[in-house]
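Keep the sequence and the 3D view open while you read.

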Amino acid sequence: MNTAAAAFIVGALSTAAALHGQDPAVPPQGKPSGKILAPPAGAISRKTVDEKALRTTVEELAACGTRHSLSSWDDPGRGIGCGRDHVAARLREIGKSAGGRLNVVVDRFESTGPRTHDKPARMENVLAFLPGSDPKLAKTVFLVSGHYDSMPSSVMDPAADAPGADDDGSGVAVSVECARLLAKGTYRATLLFVAVSGEEQGLLGGKRLLDYLKENGYQVGGFLNNDIVGADFAPGAPHRVRVFSGGGPDGVESPSRDLARAVEEAAGRDAVRLVFRLDRLGRGGDHRPFVEAGLPAVRFTEPLENYDHEHQTPRVENGREYGDLVKFLNFEFLGNVARANAETLRRLALAPAAPRDVTVAGGVTPDAKLAWSAEEDGEREGFEILWRETTDPRWSVYDFVSAPGENVLKGVSTDNHFFAVRSVGRNGARSIPVAAVLKPPPPRDTATPTPSS
Ligand SMILES: [Zn+2]
């Protein structure tokens, strides 16, 4: 950097500091009343993650030759049926060694789309439920998923080799490893470990998964989609995994973004890199149908992709190797991703239900008024009121209160911050934050002039 540039930066910093000094006083850090509970005990430690098991899952899947969704469902040695068999067998084995509480379901269905030649095609999703212990929360699911189908260079070719180690054997391995790490525990809400088919044929398995959950009366508490999470080839590995979350209609607040923040809080800032967009540009994934239904859903993807190793029939051309092969994966990195997912699921499934109907009112007054409702819950300690500068990516705690209802934040402008509320359990587990929306104004009185500047 030359001296002029350095002088410019120093100048900019001191200008910012000077401007900051001109902002009128607002409560600078909130007023937490001392009740900041520690997160729930028993965190998943990185060393309990089994990298060998992750490798075995990926290798078994890759050894099926192809797992194209239009390949054979019945040949145990080659095709997508081979992939399904390995995943279902592994989940059943985990369930057995965890005392039999894991309920493995193979959901067979048919889907039609341009990538099934517009004819109904057989598909199967593999689901493993760990039922929640709390009768009121057992119909809320927190789920992790990868897709076990794969594709070669042509998405319509079910015959060519498509080992799909990274896309998405890696995501399936994370889902299965989460089941192994969590299946012996007891959680208030239901956990669900999934491997879907049909992703490459147009998110067919993800769409079906959403319908299946609705048909069976489940509410989606949060969906962690892991797709392409196994490679980390850049120098300095392991790096942070990216977590993509789309914004809502205003481009800012959405349940998915608050799920992403919950992931970062559970896993740590050194473990995940938040990316505030639905997905990589021009790409899709199984979380999309959930996001479109207004549900909290995010996508985990490795830090930097190598397109020679995705959606490519294995081959060497001019000395350049193409193909999605096991040897390109980094199992230390994949283990980190598994840990981040498992710890997030653990915390969210231990938490009370998120608050409902969170509103902010008080425009044109000096105080912000936050209100919310929540069901009775003997395991809940209370609620955290969260706030942030409109330019900040993360919430901080403004206050703790024990009951739902209306809370007046004295002297806090509604206009300079965003607000949210989350539930806190006696065990320290927090729900996903729920961002406050503007409270609908009372019925319009024609005598009252419209608020204006
Ligand atoms: Zn994929």
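## The second largest cavity

The lining of the second largest cavity splits into three nonpolar, two polar and three charged residues. Here Ala, Val, Leu, Ile, Met, Phe, Trp, Tyr, Cys and Pro count as nonpolar, Asp, Glu, Lys and Arg as charged, and the others, Gly among them, as polar. The residues are Asp166, Ala231, Phe233, Glu302, Leu304, Asn306, His309 and Glu310. The volume of this cavity is about 30 Å³.

## Basis of the model

The model is predicted: local features need pLDDT of at least 70, side-chain atom pairs count only at pLDDT 80 or more, and totals for chains, interfaces and linings use all residues. Residues are numbered from 1 along each chain as its sequence is written, and side-chain values use heavy atoms, with hydrogens and water left out.

Rolling a probe the size of a water molecule over the atoms shows where empty space is left. The search runs on a 1 Å grid over the protein atoms alone. A cavity is a set of points where a 1.4 Å probe fits but cannot get out. A pocket is an open set with protein on both sides within 12 Å along at least five of seven lines. Lining residues have an atom within 4 Å of a point. Grid points are joined across faces, edges and corners, and a volume is the space filled by probe spheres set on the points.

The count is two cavities of 30 Å³ or more. The largest cavity holds about 50 Å³. Its lining consists of Ser150, Met151, Ala162, Pro163, Gly164, Asp167, His311, Gln312 and Asp324. Three of these residues are nonpolar, four polar and two charged.

The largest pocket has about 1100 Å³ of space. It is lined by 43 residues, and Ala353, Ala354, Pro355, Arg356 and Val434 are the closest to its centre. Strand 3 (140–147), strand 5 (219–226), helix 6, strand 11 (356–361) and strand 17 (434–435) each give two or more residues to the lining. By class, the pocket lining has 23 nonpolar, seven polar and 13 charged residues.

## Overall fold

The chain has eight helices and 18 strands. Both are DSSP runs numbered from the N terminus: helices are H or I with at least four residues, strands are E with at least two. The C-alpha atoms fill a box of roughly 70 × 65 × 50 Å along the principal axes.

For 453 residues, a compact globule would have a radius of gyration near 22 Å; the chain has 24 Å, which agrees. That radius is taken over C-alpha atoms, and the globule rule is 2.2 Å times the number of residues to the power 0.38. Buried residues make up 54% of the 453. Buried means under 20% relative accessible area, exposed over 50%, and partly exposed in between (1.4 Å probe, protein chains only). Among contacts with a separation of 6 or more, 76% join residues 24 or more positions apart. A contact means heavy atoms within 4.5 Å.

## Salt bridges

The structure holds 38 salt bridges. Each is a side-chain nitrogen of Lys or Arg within 4 Å of a carboxyl oxygen of Asp or Glu.

Which parts of the chain does helix 6 (residues 255–267) reach? Arginine 394 and glutamate 264 form a salt bridge, 2.7 Å from N to O. Glutamate 264 is in helix 6, and arginine 394 is in the loop between strand 13 (380–389) and strand 14 (396–401), 130 residues apart. Arginine 394 is partly exposed at 29%, whereas glutamate 264 is buried at 7%. Glutamate 265 pairs with arginine 422, with the closest N and O atoms 3.3 Å apart. This pair joins helix 6 to strand 16 (residues 417–425), across 157 residues. Glutamate 265 is partly exposed at 46%; arginine 422 is buried at 8%.Arginine 280 and aspartate 279 meet at 2.8 Å, N to O. Arginine 280 is buried at 8%, and aspartate 279 is buried at 5%.

## Backbone details

The peptide bond from aspartate 167 to aspartate 168 is cis, with omega near 5°. Aspartate 168 sits in helix 4 (residues 165–182). Alanine 237 and proline 238 are also joined by a cis bond, with omega about 0°.

Isoleucine 228 has a positive phi, near 70°. It lies in the loop between strand 5 and strand 6 and is buried at 1%.
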